[in-house]
Amino acid sequence: MSRKIERLINLTIALLATKRYLTKNQIFASVEGYEGSAEAKERMFERDKDDLRNLGVAIELGSFDPLFEDEAGYRIAPEGYALDLGAITGTEIALLSLAAEAWKGAALDQSAQSALTKLRSMGVDSDLDALPALAPRLMATHAGFQVITTAISKRERISFSYLSESLKSELRTIEPYAIATKASHWYVAGRDISKSAMRTFRLDRIDSEVTTSKNGSGYEIPPDFDLLASLALEQSAHIARVDIRKGKAHLMRNASLSIEDKGEWDQITINYLDSRSLIDLLLWHGDDVLLIAPESLRMELIDRVQEIIDLHV
Amino acid sequence: MSKPSQSSLGRTARLLDLVPYLASHQGIALSHLAQDFSVTEPEMIADLTTLWMCGLPGYTPLELMDLSFESGFVTIRNASTLSNPRRLSEEEMIALLLGLDLVIESLPSEREDLRVIAADLVARLSSRVSVPTKLSAKPSTPGSVRAVIQDLLQKRGALEILYHSSYSDTVTSRVVTPIEFREENNFEYLWAFCQRAGGFRSFRLDRIQSAQLSQMPTYEPESPVQDKAATISYTLRAHSRPRQIMERFGIDKSDFAGDLPAASFSYEWIRRSILACSGSVELVQPASVRALILHSGRAILERYKAG
């Protein structure tokens with residue numbers, strides 16, 4: 001196995017160092033490790049090229065002189081190989097370190113650490129003193145997280161089984177567009193293939209492995225797509241008016257659009273997504289809150305409270 | 001997290017990254033080097049031995065990389081071809097972008113300077129990845145609160161917090177000695193000794209409205225701290241919306257059948273949670289909380305009939 005690794009490293013060095021394209025025969029003659037029959041060397045080289053490509057090392061195919069149909073050659077362009085973030089400061093390295101550390105124990109931990117190693121290899125010391133004491137944590141431990149982020153970057157469809165409201169597992173296939181957190185939950189958004197419409201899924205409701213498929217890959221993500229904005233937009237669909245007791249219902253007060261002082265009570269306006277989620281929120285606060293409008297929602301709320309009473313007499 | 005790869009591809013990637021790391025960390029101790037790459041010392045020695053055999057075509061001592069690591073400290077020479085770090089993979093960029101987003105949101109408000117630098121880094125990274133602006137991570141805790149707590153955790157100082165308890169729906173001021181951060185169900189908690197309660201309590205970070213240094217003496221726990229919150233057993237019966245009930249009451253899907261046993265440390269939480277399911281769930285036991293729910297339901301109904 002060491003021999004193969006040596007050969008891959010030597011091939012990388014040779015193709016990076018050369019200014020001219022090296023033909024296969026030049027490679028076989030000069031790079032250590034290519035042995036056996038012509039076919040064997042050929043096979044070895046094809047595999048090595050694939051392996052390096054999988055490591056993100058792009059091998060260019062070209063020829064010295066476009067006017068002559070001479071044999072094509074290979075090289076690795078240094079500008080495509082090396083990390084290029086421009087000049088970087090100690091403060092920037094420190095911020096990137098914090099960003100990587102946020103993954104400790106979470107889904108992309110290993111990628112974050114390998115990224116950090118590359119950044120530290122730029123020869124700039126991290127200036128930690130420049131930063132306040134922070135250690136934000138990303139709490140993404142869902143097993144599918146890594147699969148989804150990779151699928152988004154490769155534009156590959158993903159399939160998974162999703163728990164419906166009635167606890168049934170339904171198979172969904174989507175073209176994933178984006179992944180984001182909101183209120184401590186991770187969401188993935190994408191175009192649902194069978195529904196042919198945008199859908200958002202909460203990661204912790206995925207109850208199977210997430211699989212990818214090359215079938216239908218390469219779809220376009222609208223460049224202006226913003227998951228958080230679309231989630232926020234959904235939630236600002238309707239407005240309700242609610243009286244809340246002074247000193248109570250802090251959660252609703254914090255989320256309110258406007259507050260009007262009415263003596264013992266305050267009247268607020270608040271956005272809501274659907275009637276049931278607002279009724280749930282109102283009932284958590286018991287008789288510290290009173291829904292004023294819309295009237296139809298008031299009727300529904302009264303029915304729900306009657307149900308609670310009937311269930312508990 | 002999976003262990004660093006011992007596959008030939010994984011090792012090749014590590015060796016390619018090892019060269020620039022060594023070039024920028026000349027004379028690093030072998031033990032540190034192994035640690036930085038999350039491998040054992042023998043594995044690192046195997047990596048270095050392989051590298052030693054690599055170089056430019058010709059493979060004479062002039063072309064081979066020159067490594068020395070016999071005295072326990074590692075230096076590298078003659079490695080200029082590989083001495084630039086490799087570009088970041090898409091997944092590495094995604095990890096950094098999401099992490100940076102979180103860092104930006106976590107910075108205290110007075111550090112606008114750092115926010116600008118971090119936003120510039122995001123822009124530079126985003127231009128190199130094919131998923132720009134699609135990634136976002138928002139912390140649930142304001143940066144100012146986090147920074148103060150983090151600082152006092154290191155100094156072991158007492159902290160005065162303004163805390164919103166959602167169960168009692170009250171905001172109270174408490175003096176606590178922070179012990180550590182904990183994570184549970186996607187929320188972050190501060191585990192601390194609360195002087196007001198005279199015991200250890202956990203505080204959900206996003207419910208801490210402000211935090212500042214307190215002049216009160218700190219509490220030093222003498223023995224390892226155990227969570228001794230009393231638990232209350234209760235039983236539920238689901239009537240509709242099972243997924244919501246499962247998530248709200250933390251019941252495992254595999255246990256979701258018939259009457260559902262569960263536990264909480266607050267009657268108030270049970271009462272409010274049942275009400276907030278607006279008729280989807282019924283509390284079977286304990287009878288005393290059942291009576292409270294009935295009472296609350298009637299009180300709410302009365303208010304609406306009156307208004």
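Trainee: Which residues of α6(A) are buried?
Mentor: Bearing in mind that this is a predicted model, the buried residues of α6(A) are A:D109, A:S111, A:A112, A:Q113, A:S114, A:A115, A:L116, A:T117, A:K118, A:L119 and A:R120, so that the helix is mostly covered, with eleven of its twelve residues buried.
Trainee: And what do the buried residues of α6(A) pack against?
Mentor: They pack against α5 (90-101) of chain A, and also against α1 (8-24), α2 (30-36) and α4 (90-106) of chain B.
Trainee: How many residues are in contact between chain B and chain A?
Mentor: On the chain B side there are 98 residues, in contact with 107 residues of chain A; the element that gives the most to that side of chain B is α4(B), with twelve residues, and the side as a whole divides into 48 nonpolar, 25 polar and 25 charged residues.
Trainee: Switching to α9(B), which residues are buried there?
Mentor: In α9(B) the buried residues are B:R290, B:I293, B:S296, B:G297 and B:I300, and because they fall within an arc of 125 degrees when seen down the helix axis, they line one face of α9(B).
Trainee: What covers the buried residues of α9(B)?
Mentor: The cover includes α11 (295-312) of chain A, along with α8 (267-275) and β12 (281-285) of chain B.
Trainee: Which exposed residues sit on the face of α9(B) turned away from its buried side?
Mentor: That face carries B:A287, B:S288, B:A299, B:E302, B:K305 and B:A306.

Conventions:
Residues are numbered from 1 along each chain as its sequence is written. Chains are lettered from A and ligands numbered from 1 in the order in which they are written. This is a predicted model: local features need pLDDT of at least 70, side-chain atom pairs count only at pLDDT 80 or more; totals for chains, interfaces and linings use all residues. A residue is buried if 20 or more other C-beta atoms lie within 10 Å of its own, exposed if 12 or fewer, and partly exposed in between; C-beta atoms are placed from the backbone. Helices (H or I, at least four residues) and strands (E, at least two) are DSSP runs, numbered from the N terminus. The arc is that of the directions from the helix axis to the C-beta atoms. Two residues are in contact if their C-beta atoms, placed from the backbone, lie within 7 Å. Ala, Val, Leu, Ile, Met, Phe, Trp, Tyr, Cys and Pro count as nonpolar, Asp, Glu, Lys and Arg as charged, and the others, Gly among them, as polar.
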